[in-house]
Amino acid sequence: MLKVIKPASPFDFSKMLRRVKSHGKNNIVNADLESQSYKRMVHVGNRPVLLNVKASGSVDEAELLIDQPDDLNQEEKAKLDVIVTRMFSTDIDLKQFYTQFSGHRQIAPLITSFYGLRLVTDPDLFESMVKIIVGQQVNLTFAGVLIDRLIDLAGEHLEVSGEPFSIFPAVEKMAALDYQELRELQFSQRKAEYIIDFARMIADGKLDVDALWGMSDEEVMETLLPIRGVGRWTIECLLIFAMGRTDVLPAADIGLRNGVRNAWGLDYQPTEEDVRRLAEDWHPWSTYITYYLWESLAAEPVVKDLQI
């Protein structure tokens with residue numbers, strides 16, 4: 001059964017697919033530019049379901065076609081709709097952003113270049129947090145290698161209509177791992193502890209990640225900061241890449257600072273404080289300005305300091 005969702009305009013699925021194409025050997029995401037399709041397994045309730053989304057129409061009048069499996073009940077279909085809406089930021093009114101900054105000397109050219117580009121977020125807060133922790137203090141390529149190894153160790157692999165998919169490890173499976181199992185995959189001791197301990201907090205009921213959806217950005221920050229291995233930058237990335245919050249400013253991020261230096265034509269590397277000063281008028285679109293600056297450098301979020 002096909003379900004049609006009409007995103008707020010503009011919506012450029014091609015730009016979004018280019019951003020999310022999988023680089024690892026484990027095929028969690030199958031993004032195809034030619035067919036304008038995005039496929040991956042997501043958890044709906046307690047079972048994995050193939051999310052198969054295709055785009056049609058134009059950037060200014062786009063439609064998303066969601067192939068809903070026939071064996072889903074009404075509650076599960078509703079949950080899948082919520083996942084799609086969140087993942088593809090379909091209800092975000094980018095026109096407000098574009099109108100507000102249409103005359104901005106540095107930001108207006110970014111809007112022209114990346115018109116219609118929206119966040120594509122992870123479908124699961126646990127998966128996103130683990131990926132972000134894995135990415136601390138390592139380059140993008142090695143982070144992808146570590147995530148692949150983690151999936152090989154504790155994830156699932158299956159085929160749907162002859163097409164292979166990998167499923168990110170479930171909380172319970174991760175919580176049952178020993179630190180040494182990750183050490184053998186070249187995870188540092190601390191990173192192994194951060195990841196497994198985070199999974200155990202959720203599995204033991206000490207942290208309700210779903211409750212984060214009902215919290216403000218500040219409340220999410222206050223809830224997660226006490227967790228070992230989770231610093232401000234980590235939470236800012238979670239707010240952006242898992243929760244799709246629109247006014248997050250990861251000012252310490254090196255990629256953002258490089259983007260600001262380039263777009264503002266600075267002859268020095270701006271500090272975190274410099275970025276916060278320049279970004280005083282970015283509200284309430286700090287996330288999207290940051291995202292477009294990253295994209296202008298084809299960059300990923302990177303921070304040097306690892307929170308202990």
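Trainee: What is the strand order in the open sheet of 5 strands?
Mentor: The order is β1-β5-β4-β3-β2, and the pairing is antiparallel. Strands here are DSSP runs of E, at least two residues, and helices are runs of H or I, at least four residues, numbered from the N terminus. Two strands pair if DSSP finds at least two bridges between them.

Trainee: Which strands stand at the edges?
Mentor: β1 (2-5) and β2 (30-32) do. Each has a single partner strand, so one side of each is left without a neighbour in the sheet. On average, neighbouring strands are turned by 30° against each other, direction ignored.

Trainee: Before we go on, where does the model come from?
Mentor: This is a predicted model: local features need pLDDT of at least 70, side-chain atom pairs count only at pLDDT 80 or more, and totals for chains, interfaces and linings use all residues. Residues are numbered from 1 along each chain as its sequence is written, and side-chain values use heavy atoms, with hydrogens and water left out.

Trainee: Which strands does helix α1 lie across?
Mentor: α1 (residues 13-20) lies across β2, β3 (37-44), β4 (47-57) and β5. Its angle to β3 is about 65°. Axes are lines fitted to C-alpha atoms, for helices over the stretch in contact, and angles run from 0 to 180 degrees between N-to-C directions.

Trainee: And α2, at what angle does that run to β3?
Mentor: About 125°. Helix α2 (residues 74-87) lies across β1, β3, β4 and β5.

Trainee: Let's zoom in on aspartate 32. Where is it found?
Mentor: In strand β2. Aspartate 32 is partly exposed, at 30% relative accessible area. The cut-offs: buried is under 20%, exposed is over 50%, partly exposed is in between, using a 1.4 Å probe and protein chains only.

Trainee: What does aspartate 32 touch?
Mentor: Leu17 and Ser37, not counting residues up to four places away in sequence. Contact means heavy atoms within 4.5 Å. The aspartate 32 side chain also reaches the backbone nitrogen of serine 35 at 2.7 Å.

Trainee: Is serine 37 buried or exposed?
Mentor: Buried, with a relative accessible area of 4%. Serine 37 lies in β3. Its side chain makes a polar contact of 2.8 Å with the side chain of serine 35. A polar contact is a pair of N or O atoms within 3.5 Å; within protein, one must be able to donate a hydrogen and the other to accept it, and residues adjacent in sequence count only if both atoms are side-chain atoms. Beyond four places in sequence, the contacts of serine 37 include Phe13, Asn30 and Val53.

Trainee: New topic. How many residues of α5 are buried?
Mentor: 9 of the 11 in α5 (residues 125-135), so the helix is largely enclosed by the rest of the structure. Among them are Leu125, Phe126, Met129 and Ile133. The cover includes β3, α6 (140-154), α7 (171-175), α9 (189-203), α10 (217-224) and α11 (232-241).

Trainee: What happens at the start of α5?
Mentor: A side-chain oxygen of aspartate 124 comes to within 3.0 Å of the backbone nitrogen of phenylalanine 126. Just after α5, glutamine 137 has a positive phi of about 65°.

Trainee: How do α12 and α14 cross?
Mentor: The axes of α12 (residues 254-263) and α14 (residues 286-296) come within 8 Å and cross at roughly 80°. That makes α12 roughly perpendicular to α14, a label for angles of 65 to 115 degrees.

Trainee: Which residues meet there?
Mentor: Gly255, Leu256, Gly259, Val260 and Ala263 in α12 meet Thr290, Leu293 and Trp294 in α14.

Trainee: What covers the buried residues of α14?
Mentor: They pack against α1, α3 (94-100), α4 (107-113), α11 and α12. In α14, 9 of the 11 residues are buried, so this helix is largely enclosed by the rest of the structure.

Trainee: Last one. How many residues sit between β6 and β7 in their hairpin?
Mentor: 2 residues, and serine 161 in that turn has a positive phi of about 55°. β6 (residues 156-160) and β7 (residues 163-167) pair in the antiparallel sense over 5 bridges.

How values were computed: Angles under 35 degrees count as roughly parallel, over 145 as roughly antiparallel, 65 to 115 as roughly perpendicular and the rest as oblique.
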